[in-house]
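Visitor: I have a structure on my screen and would like to learn how to read it. Can you take me through it step by step?

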Amino acid sequence: AKTVTELIKNAEIYARLRPFKLDQEAKRMIVGGGKQHLVNIRQLMVGLEEWDAQNLQEIIRTYSENCGSKLGIVVQPLRAALSGRNISPSLFEVMEIIGRDETLARIDDIIKKW
């Protein structure tokens, strides 16, 4: 972060209370195939033995390759579900920090609503 305001905005992702509203850009990431990517990725994450940024990144990259989608297309709905926005700190680090339960709960909130 280059300013205190930017730091606050970036840190907010870790303390947001669920369920939270998505901004307009984040909503666009969910519609279409975004929700289905969330459903599929969630299934892969549930069985992940070691919940860390490296393992999370690996399973999502593998999923992206297997489904023939670019990583950005797969990651953006996940970013929207976890942050409520289209921009966030490193997504894999966010998931590691907020933990398995909070990550899955935020994804569930979006899957149920959309």
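**Reading the chain, step by step**

Guide: Start with burial. Of the 114 residues in the protein chain, 43% are buried. Keep in mind that this is a predicted model.

Visitor: How many helices and strands does the protein chain have?

Guide: Count the elements, then read their order. The protein chain has 6 helices and 0 strands. Along the sequence the pattern is α-α-α-α-α-α. The radius of gyration is 13 Å, close to the 13 Å that the globule rule gives for 114 residues, so the chain is as compact as a globular protein of that length.

Visitor: What does the C-alpha trace span along its principal axes?

Guide: About 40 × 30 × 25 Å.

Visitor: What share of the contacts between residues at least 6 apart in sequence joins residues at least 24 apart?

Guide: That share is 71% in the protein chain.

Visitor: Now the peptide bonds. What should I look for?

Guide: Most peptide bonds are trans. Then look for a cis one. The bond from Arg18 to Pro19 is cis, with omega near -15 degrees. Pro19 sits in the loop between helix H1 (4-15) and helix H2 (24-30).

Visitor: Why is Ser69 called partly exposed?

Guide: Check its area against the cut-offs. Buried means under 20% relative accessible area, and exposed means over 50%. Ser69 has 21%, so it counts as partly exposed.

Visitor: Which residues does Ser69 touch, leaving aside its neighbours within four places in sequence?

Guide: Ser69 is in contact with His37, Ser64 and Val74.

Visitor: How many residues apart in sequence are Ser69 and Glu12, and what is their C-alpha to C-alpha separation?

Guide: They are 57 residues apart in sequence. In space, they are 29 Å apart, C-alpha to C-alpha.

Key
Residues are numbered from 1 along each chain as its sequence is written. This is a predicted model: local features need pLDDT of at least 70, side-chain atom pairs count only at pLDDT 80 or more; totals for chains, interfaces and linings use all residues. Side-chain values use heavy atoms; hydrogens and water are left out. Helices (H or I, at least four residues) and strands (E, at least two) are DSSP runs, numbered from the N terminus. The radius of gyration is taken over C-alpha atoms; the globule rule is 2.2 Å times the number of residues to the power 0.38. Buried means under 20% relative accessible area, exposed over 50%, partly exposed in between (1.4 Å probe, protein chains only). Contact means heavy atoms within 4.5 Å.
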